[in-house]
Amino acid sequence: MDFTVGNLGHLFVILSFVTAMVATFAYLKTTLATQPADEAHWKGLARSAFYVHGATIVGVVASLFFIIYNHRFEYQYAWSHSSRALPVHFMISCFWEGQEGSFLLWLFWNAVLGAILTRTAGSRWEGPLMTVFASVQVFLASMILGVAVGDLKIGSSPFMLLKEAMPDAPVFTMDPNFIPADGKGLNPLLQNYWMVIHPPTLFLGFALTLVPFAYCIAGLWQNKPIDWVRAAQPWMLVGAVVLGVGIMMGGYWAYETLNFGGYWNWDPVENAVFVPWLIMIAAIHMMLIAKRSSAGVKAAIILTVAQFLLILYSTFLARSGILGNASVHSFTDLGLSGQLLVYLLAFLVLAVGLMAAKWHLIVSDEKELSTYNKETWLLIGALVLCLAGFQIIFTTSFPVFNKIAEVFGKTANIAPPGDQVAHYNKFQIWFFSLIALLTGVGQYMWWRKIGKGNMDGLTAPAVLTLLASAAFIYFGDVKNPIFMVLLTTSMFALMANGAILLGIAQGNYRVSGGAVTHMGVALMLLGILFSSGYSKVVSINNSGLMISKNAEFTKDDNKGNKENVLLWLNQAERMGDYQMTYRGQRIEVRDMPGYQPRKAVTVIEGDYHGIAEQDLAYNGKVYHQKGDTVALYPENTYYEVEYRDQKGKVFSLYPRAQVNDRMGLLASPDIKRKAGRDLYTFVSSVPDPNAESRWEKTEKYSVAIRDTFFLNDYVAILDDVKKVDEVPGMTMKPNDIAVQASVRVLYKDHVVTLRPAFVVRDKAFASPPDISDEIGVRIQLAMIDPKTGLFTFNVNRTQRDYIVMKASEKPLINLLWIGTLVLVVGFTMSSVRRYRESGRMTEKDEVDLAKDRVVAAPKRKVPTYKNPAKTV
């Protein structure tokens, strides 16, 4: 076996760790240098070391992807996360499914941002800024180092061999060179296009939190507690939009992939990332007033430090295994929890210690803030955002509190809320109602001349808000008082910021980013309110029968049995405004659109391919002919549910389910998107599509043509028996003789036709059966008696094909997605504006620094002579 690529990858990891340490030391010496020559020398070394560090990270990435792409299953990471069935884009997802890959992704983005900062930060900031940056890279690189010093394990290597990870496995005892033929595969829930782009976006957001943190530390270090704000502000804005987009991508992935029926479930890992984003937003608002208010400077420093430390804390929560029983997203503990804790505490001590030492440099304001001061409203808004974040992170940290008590020999069994969605919502709805109100009032205070006795500017938005809210409450049948409050405040935020936007955009649209952003927030809140608070279940069980006694169906006063319906194959059921019909199981062929009937392809076990049993076509175009070998995604089964609305319009949805050996039933929804609402459908229970059918004992029927008999309690008629040239599932030879019976079954409101065959080949007989999942029957033409004209059929019964499904309508959910786009546009406008301002200040700083060096440079001593003539 050739382990060159793994050894090379591990060498790159070690080099990345070493070069990060060298860059940290060299940048530290650059910052402490007192002579320009020394500063230039150390900066050159520091930059070179950091660029080499970035190159080694690229080398690690390339090595790991080579292993995954080429199915090198002798490596534990490739075996654990990939398989031969995966297309290339899901192989990319495999890269960051594991902990080591996610740390590597984080390292990569930090290296990219660090390289940009070496060229854009300016001489005044580069030394201290990059000292912080490089030190963070030291810690992150140590997470994938995978070396042991005595009993101390430092990091977990992505290049570990499978036999090193599982040394006691019997297979390696028998064959030390054993290589698995295939890997375990990617988590089925991650086999979604959003998982290709969501993690890189999220980790870029993680990396961007470091930039303002590093600027803040650099500013305090150099006794410039205010100057750093202007340089950090555009980076904070970009970080907020990228992290926010990453979070919403995760929400949209959950909406499309998970079956809890929404886009946000207040999962602990989701919370741990959402809270730093809230703190970033609060920090952005404090940066706006830092030049005018000492309270703003102090708050900006605290919040900028907090947003980065909370990212580290969220990493600890998700990857230490401490949330293993509380979250579906948490990783198992790889023994890295101690390192993660050291990482967090190191930067916590550094930041808090530096703030304490430099706090006296911030001069207090002479003028107190008042109610009609615009800085006051921004401070209040930041405080509310922080309180919202504190409530979330406090509850999310219950497992941490239990672990701390355990360390001190105490027992604390603080249980998370039983209904976490209801728990968080009852607090957050009030926080965000207040935030929506403050976005409107705060913007008016910021842009308009409003003060004591002069609030006329808010009158028109307030009147429009009351009228629009009243209309929504009346026509939307909003009866919950709490929802009325959120609706009214969100509408006020929309109206007030819309009025501000109209006013300032006429002068200079570039400064309207804040108003656009706040309008996006208002639209998102309205979308969340209606899509979550007024989601309507379509699949009401009116049969009076209990579908399941499983706890998932019986909890909450039998809610699952009331809101799920049992659909038999091809048997229509009326549900609200729709008639639903389950049309059968489907499978996905890799190189063609749409889905094909599962029986149209015979799956080759373990090969991710199948044989076409009929021509495979989509919209009239034939992609594969009968007998072709086709590539499949065989793990997933899609269940076609046909909807017919009251106007006769027909469409189909294809919710997905996979019966997974490790994870049980994994169901993913399918969604019909409309302008005003989404129709959301997923299966709650299905028969195992890969399980063998359990057939009851054989029953025999001898009948003549036109005779009537009973199949599974349904009337059946033998219409005819004809000679045929082809039999499904068999390859006919020239001398074969085949006949096929046509048995018509009167089933419910339609007819099912069964066509069993009888084949004579070289004096031997074969009776290929016909199977109907719709009526749960397998029928064989077992014997033909030419004397009596009777045909004998063997019949077996089994469970009819069915699904249990839930469907719901989510009104105005598009407001959430539209609001997200508006939010991104607003943040982008603000980022561009602040970047341009920061660029102009960086140029000014460079000029000032050059002047300072000229003034500070020692003057060369020129000799003077009393008698110049003697010199000549």
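Start by selecting Arg586: at 13% relative accessibility, this residue counts as buried (buried means under 20% relative accessible area, exposed over 50%, partly exposed in between, with a 1.4 Å probe and protein chains only). Before you click on, note that this is a predicted model, where local features need pLDDT of at least 70, side-chain atom pairs count only at pLDDT 80 or more, and totals for chains, interfaces and linings use all residues. Residues are numbered from 1 along each chain as its sequence is written, and side-chain values use heavy atoms, leaving out hydrogens and water.

Glu640 sits in strand 13 (residues 637–645) and Arg586 in strand 6 (residues 578–587), so the pair ties together parts 54 residues apart in sequence. Strands here are DSSP runs (E, at least two residues), and helices are too (H or I, at least four), numbered from the N terminus.

Next, pick Arg72 and Glu74, whose side chains form a salt bridge at 2.7 Å, N to O. Arg72 is buried at 17%, and Glu74 is buried at 8%.

For another setting, go to Lys479 and Asp477: their closest N and O atoms are 3.7 Å apart in a salt bridge. Lys479 is exposed at 62%, while Asp477 is partly exposed at 45%.

Last stop: Asp719 in strand 21 (residues 714–724), buried at 14% relative accessible area.

Terms used: Salt bridge = Lys/Arg side-chain N within 4 Å of Asp/Glu carboxyl O.
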